[in-house]
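Here is a briefing on a predicted model. Start with the sequence and the coordinates, then read the points below.

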Amino acid sequence: MRAYLFRRSLIGLLTVLGVATATFLLLRIMPGDPAVAALGDPGKSGASMEQVEALREQWGLNRPLHVQYFSWLWGAARFDFGESLRSRKPVLEEYARKLPVTASIVILATALTLVVAVPAGIVSALKQDTALDYVVRVISLAGLSLPSFWVAVLIIVGLVRYFQWLPPIDFAPIWEDPVRSFKQFILPAFAVAFATIGMVARLTRSAMLEVMREDYVRTARAKGLQERLITYRHALRNAILPVMTAMGMYIGFGIGGLIVVEVAFNVNGVGRYLIAAVQRRDYPVVEAVTLAAAFFIVATNILVDVLYAFLDPRIRYT
Amino acid sequence: MISRRRKYGIWSALFMALALGLALAFVAACAGAEEDADDVEAEPEAEQTEATAEPTASTSESEFEGFEEVEVAEPDAVAAEARLAPDGQYGGILRTMTGDDPATLDYMKIRGIGTVQRTNPAGNMLWRLHPLEEGRVLNDLVETWEIADGGMEYTLRLKEGVQFHSGSLVADRPGAGTSLDCADVKHTLEKFGNPEWSQSSNYVYAIASIECPSDLEVKLVLSAPDSGLVQKLSVGWSAIIPSEMPYEDMETTVMGTGPFIFKEHITGEKAVLVRNEAYFRDGLPYLDEYHNFVIPDWDAMIGIFRSGQLDMTSPHQGVGPQQASVIKESNPEVIVDLRAKLWWNTFGGPLDKEPWSDLRVRQAFSLCLDRVGAGEVYTYSTNVPGGYQPHWTQWSLPSEEVASLMTLGISDQFGANMDARRAKARELLSDYGGYSPDNPLKMDFMGDPVWSGFAYYQDTMSDCGFDFQLDEVADFSVAEQRRIEGNFFLGEMYGVTGVVEPTLIYADPFITGGGTNMTGYSNPELDELYAQLVSEADAATRVDITHQMERILLTDMPSVMIYWYDEGMAWWPWLKNWCHCDAGYYSILNMEEVWIDMDEATRLSRPSDVASISQ
């Protein structure tokens, strides 16, 4: 297990490094750069090339690419991601302020998905072709069909128009004020989770249906085991494995969906921070946020792999 | 027995019906808002009257306790009156917003809304503007003052015992806890008058030297009399800083003597200012804290305001007739005021770059611009086309003359004779470079990619032979920076006029070397008249000089005036002593007399978790 974890961590590290390198290069290949974003395109704005070059020099963008890259990488290894070109504040400091906001939404969205989607999928499978099954399937389909931003807009319009209420806009960490934090993040979390709930519920249902038709389940029934035990001890433990894999992936997708949801709910999280940074070509911020996102997605996937071993005794990592 | 496929079909149909119902409810909700907007469109005047009816009452002498006795009282006495007037508990957090992060915290260097609204509560000026009477000033940090030598010498006596902010929040900031003295005023005014460090250097160009006869005495020696000097030193971006503070520190640090201590600005989130317990006006401010949020999406802002999480929208902006009717329909108790006339909009470009450098292009632009049409499209005709001086004052030329100058004599009304004007515009563009609607003059137009105005102007002005290409700038502060540095060809320019003093309106955008002279306009004749206007004390003569300057500007058109922008704001009735006053814009922003009526807030269900009572 330790050897496996070490190997997976090493591969994960290489993956993160690859993402970071790709982001670094893509940012510099893309048209426009921070100096042009700040001063305007010399062809269009009338800013002189000298002004643009001076700013590039000041921000270290005129250095050879490999020098910039290794300098950034060395900084990142020491958790020094430089200063935002816009605010002139350390990126890490700003990111640390926004991470709990986004993490709160991701955690709540994941919890919502687990609490709602897995039981819904199980019930749907056990009650196949009943009214309950159809309701779950149709709602799941709706979740998959409606983009997060649209769900967010529906929630906001409905709440403001009919209840004159919106979640609090002032960030309250969960460890300081759990109730307020819950009120602030539950709706953005729901907007993000709605699609994931749909997908996971459908996946759980199909996995459960498949497992319930397996020989060992029939054998268990023949032995006279209680249906509850058959479902939870034998069927679910097997059916949940692909669901866990999917959850790991959807958390990553959820982070992508968060960007628009944060804008819609005026939540000052990592997503809004990233959007603003991309608009301003704020390289240090984009690079740091992408690196962190890659890290969290890789870490989540390793965690899912580890969970496999606990959920399925047949799986042994060597 | 119903087949599985059929069952699924039935359930799908039911769900579709449910989804359709939800969609219809959503459309109905949106249509409600549209209907409201239609109502406004049909009867803009009626709506505006209704919207303005309440604030008049709310800012009346009886409710605006802070300045109840302002006719006879000095500011300290006024403050004392205000201190006694509110009945009940004070405290709480005032929550307002601005659409963007500040580009810098140096309010002298960039005077954008994002900076001024977040730093003003931390400062005091030498004088402050009377919130209810245009042009009248009150003492702020000045105790007494006198003018000698025919207006060439001002001697100011500063208030004693005024301290710069102190305590743990500001322990590492230069000048923390020091007492206000002449050196601070000298240090501030030297920055204020230095174009390298200030957008407003022309305000104090008449000051030849600043002397300190004693700690609390300041002597300003002028090179020429300046009848508007006191008004110009009453604006929010002239707040006094400690002499210990290096100028470059103002980019990231705020230090002053004001009612609130600047605690922090969190990028993308909010600025937080907390009560200055040692404020020199005893008992003020009433509020515990002042939070100014960053809310880039104005529709989201209206929603958040309606939910009660903002006590006010951005001061003096953010609410037009459409938003006003949406707010009033769902929250009739909210005070909505559309009567502010502070903002003006122009189009312009650097005069040292083709094609804006050519007068014929600027004239063609002005002729082709349908100011009335643009007002109808954007603001239900609540904007008022006019000249560079505020159209409701004596300083402005008559409307007919302004329209005539803007249209080269073709029309004396802003929206009339558009066909003839466009024909003349085509003629001018053809003369300039053979341009026509078939062979248009391409111009890069700096603007936000989501700004609907671009499409409107691109479409309506193509008839004259203009072809605008969008030079995208999504970030307001970047656009502002580019305007300042002249890195653009054509763009929208706007300003806010919190003080109706003609020299103050001309000083920055049109006088040679002015801090916001983004077109780079320089006209010796105008500069000379400006110098005369500054020194002239006779009111009638000043009006005459101002009119001469208006004629020059409307002929030269360094930037083409569009209209004065009638934008408004909204606030909840639990917010007391707030004055939506054009006249005192820069003084009222320091929020020292504003308080929150907790009983009213409870009655109107202000979200409990945004309120706090400290005493």
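In β5(B), V142(B) has L158(B) as its bridge partner. The two strands involved are β4 (residues 142-148) and β5 (residues 153-158) of chain B, which run antiparallel and are joined by 6 bridges. Helices (H or I, at least four residues) and strands (E, at least two) are DSSP runs, numbered from the N terminus.

This is a predicted model: local features need pLDDT of at least 70, side-chain atom pairs count only at pLDDT 80 or more, and totals for chains, interfaces and linings use all residues. Residues are numbered from 1 along each chain as its sequence is written, while chains are lettered from A and ligands numbered from 1 in the order in which they are written.

**Confidence**

- The model scores ipTM 0.72 and pTM 0.76.
- pLDDT is the predictor's confidence in each residue, from 0 to 100. Chain B has a mean pLDDT of 81, and 81% of its residues reach 70 or more.
- Within chain B, helix α2 (residues 44-58) has the lowest confidence, at a mean of 30. Helix α5 (residues 182-192) of chain B has the highest, at 97.
- Over residues 29-84 of chain B the pLDDT is below 50, and this stretch has 81 contacts in the model beyond near neighbours in sequence. Two residues are in contact if their C-beta atoms, placed from the backbone, lie within 7 Å.
- Residues 611-615 of chain B also stay under 50 in pLDDT. The model has 17 contacts for them beyond four places in sequence.

**Chain B overall**

- Chain B has 19 helices and 19 strands.
- Of its 615 residues, 53% count as buried. Buried takes 20 or more other C-beta atoms within 10 Å of a residue's own, exposed takes 12 or fewer, and partly exposed is in between; C-beta atoms are placed from the backbone.
- Take the contacts in chain B between residues at least 6 apart in sequence: 71% of them join residues at least 24 apart.

**Sheets in chain B**

- Two strands pair if DSSP finds at least two bridges between them.
- One open sheet has 4 strands in the order β4-β5-β7-β6, with antiparallel pairing. Its edge strands are β4 and β6 (207-214), each pairing on one side only. The twist averages 20° from one strand to the next.
- α5(B) packs on this sheet and touches β5, β6 and β7 (217-222) of chain B. Its direction makes about 165° with that of β6(B). Axes are lines fitted to C-alpha atoms, for helices over the stretch in contact, and angles run from 0 to 180 degrees between N-to-C directions.
- The hairpin of β4(B) and β5(B) has 4 residues between the strands, and D149(B) there takes a positive phi near 55°.
- Another open sheet has 4 strands in the order β1-β10-β9-β8, with mixed pairing. β1 (93-98) and β8 (260-266) are its edge strands. Here the twist averages 15° from one strand to the next.
- β8(B) runs antiparallel to strand β9 (residues 270-275) of chain B, with 6 bridges between them. F260(B) stands opposite R275(B) in β9(B).

**Helices in chain A**

- Helix α1 (residues 2-29) of chain A has 28 residues and reaches 40 Å from its first C-alpha to its last, close to the 40 Å expected at 1.5 Å a residue. The expected span is 1.5 Å times one less than the number of residues.
- The buried residues of α1(A) are V16(A), A20(A) and F24(A). They pack against α5 (65-77) and α13 (283-311) of chain A.
- α5(A) has 13 residues and reaches 18 Å, close to the 18 Å expected. F79(A) follows α5(A) and has a positive phi, near 60°.
- A294(A) lies in helix α13 of chain A. A294(A) is buried, with 20 other C-beta atoms within 10 Å.
- Not counting residues up to four places away in sequence, A294(A) touches T15(A), V16(A), V19(A) and A20(A).

**Nonpolar core**

- A nonpolar core is a set of buried Ala, Val, Leu, Ile, Met, Phe, Trp, Tyr and Cys residues joined through C-beta atoms within 7 Å.
- The largest has 231 residues, and V200(A), V289(A) and A570(B) have the most contacts inside it. Helix α9 (residues 178-212) of chain A gives the largest share, 18 residues.
- Beyond four places in sequence, V289(A) is in contact with Y95(A), V270(A), Y273(A), L274(A) and A277(A).
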